[in-house]
Amino acid sequence: MHKDYLSREEIARLQEKRFRETVERIFKRSPYYQKKLKEHGIKPVDIRGLADIHLLPFTSKNDLRGQYPFGMAAVSLKKILRLHASSGTTGKPIVSGYTRRDLSVWADAVSRICQMAGVTREDIAQISFGYGLFTGGFGLHYGLEKLGAMVVPFSSGNTERQLSLMQDFHTTVLVSTPSFALYMAEQARELGYDPASFHLRLGLFGGEPCSDLMRQEIEKEWGLKATLNYGLTEVMGPGIAGECSERNGMHLLEDYFYAEIIDPKTGERLPDGEKGELVLTPLTKEAFPVLRYRTGDITRLIDSPCPCGRTGRRMDYITGRSDDMVIVKGVNIFPSQVEEVLSTFPEVSPHYRLVLIRQKGFIKDLEVQVELTPQGFSDSFRELEQLEEKIRSRLRSTLSLGPKVKLMEPKSLERTTGKSRRIVEVEKGELE
Amino acid sequence: MVKQISVFLENKCGRLVRVTQVLGEAGINIRALSIADTSDFGILRLIVDKPDLACQVLREKGFMASETEVIAVEVPDKPGGLAQILTYLEEAQINIEYLYSFVEKPAQDALILMRVENAPEALRILREKQVKVIDGERIYSL
């Protein structure tokens, strides 16, 4: 795994070389980019290296969607060994194809992420990501196998059986979304399992952002060390960045991915350390190459040395998505901000939902629904109303907007095995 | 003091029915109840024959339930009966958070349940004024 310890100069050289190869391949083989770059008046001679990357246009989620199903291919289809697709909650899904080399890069990337997190060949890892078109299951599967861990390819769902196998197999590593890890803990408690009867020591969580509170909660419930990792289907899948045991940001695998941070409004490139939208250019992708993909994830890059000795710059935890951002009464709100505020109240659980109340096509109001914990329940109306008011006023000072706060019964908000859906829109008057 | 079960309820169809079903299935008999709500949520308060069991089964079924202690007093069933008792508490400046009554009368007198701010003091005053305070065991077995 020496790639994680290259000097910064060596990484830069490798990135430069691979970027030029990528650009060359794209000009030669990608009908989509040939057309797009021509429209932007960009010729192969204009892009001599990474110093010129800012001249290239961005690629957005919609661009990819518009190329459904195979418009992004830059190899003949018979060279594509596998397809994955993002969950198309709106419109067509985004398809991603992989050549043999792409699959081998992917397995290598994921195995390095897993090793960083602390997985060893002695571990028994249960993968509770869905296996299928979603990249989570297969992505982690081949990476962990490459590393030499014993893989339990459970996939998602059937929580009761997941728990009993985890107990029987003495599973040491759990791979899932953070919300599913919490959900399983809840189920374990409900079904009367003794948390000490599990052997989990490490968690690899990804697929959705995870707040500090959620992480603490998972660690407390399961008694494991929770690590986060990052990836997205459009660029490859899981395996783009991950935490080492220092857990001070996620190391990017910079030999495979070139990262930039831009201002989501203007598209201007921001200096290192500033917060903005992450833009990724995979440097080795053959089947479906992508240039300057706008991830929509808001983060910043950290280039101070990490005590673990790995040299890959780190990306900070995702503090929001440029497309998750909701605008209510002219105020930009990221769900993660709400989550941070809620996490300071032991009276409510980390399960929450943002309800955008529309009236005549406009978002008129925001309601924050949050589940009460036993600690928060009081027989007195006054106290419950005071709690709502306290949460509301703390939200007001963070968001500069005081949303309505609604206390909910435990487990009344939807739990999903995949990405939890935290934002819903309703017409005014539709609220129960 | 009498053990009362308080249940947090979202204002949503079917939740109240479900509480009563859960209690029914567990063979628990409801003696008295009151429900109070805002536009968002309600608190259901119950007096039952087996309070500890009721709290346990409700929690097992996912309800937010807790036990609270309330005072039960017998009120002479005649005009001004309740007023007299409330006056004692008011004079002592003890606030009443809520009160509700039993449907059945155990005897000649009416039965009132109340939650007050300073319960020990309230009990002392009520006893001093010779108001009949009823203990939990008698209430559960009515």
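I began with strand S11 (residues 276–282) of chain A, which pairs with strand S12 (residues 293–299) of chain A in the antiparallel sense over four bridges. Strands here are DSSP runs of type E with at least two residues, helices are runs of H or I with at least four, and both are numbered from the N terminus; two strands pair if DSSP finds at least two bridges between them. Within S12(A), I found Thr299(A) as the bridge partner of Gly276(A).

Before going further I noted that this is a predicted model, in which local features need pLDDT of at least 70 and side-chain atom pairs count only at pLDDT 80 or more, while totals for chains, interfaces and linings use all residues. Residues are numbered from 1 along each chain as its sequence is written, and chains are lettered from A and ligands numbered from 1 in the order in which they are written.

I then looked up the sheet around this pair: it is open, has four strands in the order S10-S11-S12-S15 (chain A), and its pairing is antiparallel. Its edges are strand S10 (257–262) and strand S15 (320–321) of chain A, each of which pairs on one side only.

Another open sheet of chain A has four strands in the order S20-S19-S18-S21, with mixed pairing. Strand S20 (404–408) and strand S21 (423–427) of chain A each have a single partner strand, so one side of each is left without a neighbour in the sheet. Strand S18 (residues 348–359) and strand S19 (residues 362–372) of chain A pair in the antiparallel sense over nine bridges, and in S19(A) I found Val368(A) as the bridge partner of Leu354(A). Helix H10 (residues 381–399) of chain A lies across S19 and S20 of chain A, running at about 135 degrees to S20(A); axes are lines fitted to C-alpha atoms, for helices over the stretch in contact, and angles run from 0 to 180 degrees between N-to-C directions.

Next I turned to the cores. A nonpolar core is a set of buried Ala, Val, Leu, Ile, Met, Phe, Trp, Tyr and Cys residues joined through C-beta atoms within 7 Å, and a residue is buried if 20 or more other C-beta atoms lie within 10 Å of its own, exposed if 12 or fewer, and partly exposed in between, with C-beta atoms placed from the backbone. The largest such core has 85 residues, of which Val119(A), Ala125(A), Ile240(A) and Phe257(A) touch the most other members. Helix H4 (residues 100–117) of chain A gives the most to this core, with nine residues. A second, separate core of 53 residues includes Leu342(A), Leu23(B), Phe41(B) and Leu44(B).

What touches what between the chains? I found 14 residues of chain A in contact with 13 residues of chain B, contact being C-beta atoms, placed from the backbone, within 7 Å. S20(A) supplies the largest share of chain A's side, three residues. That side has seven nonpolar, two polar and five charged residues, where Ala, Val, Leu, Ile, Met, Phe, Trp, Tyr, Cys and Pro count as nonpolar, Asp, Glu, Lys and Arg as charged, and the others, Gly among them, as polar.

Last, I looked at chain B itself, whose secondary structure comes to five helices and seven strands. Of its 142 residues, 30% are buried.

Terms used: Two residues are in contact if their C-beta atoms, placed from the backbone, lie within 7 Å.
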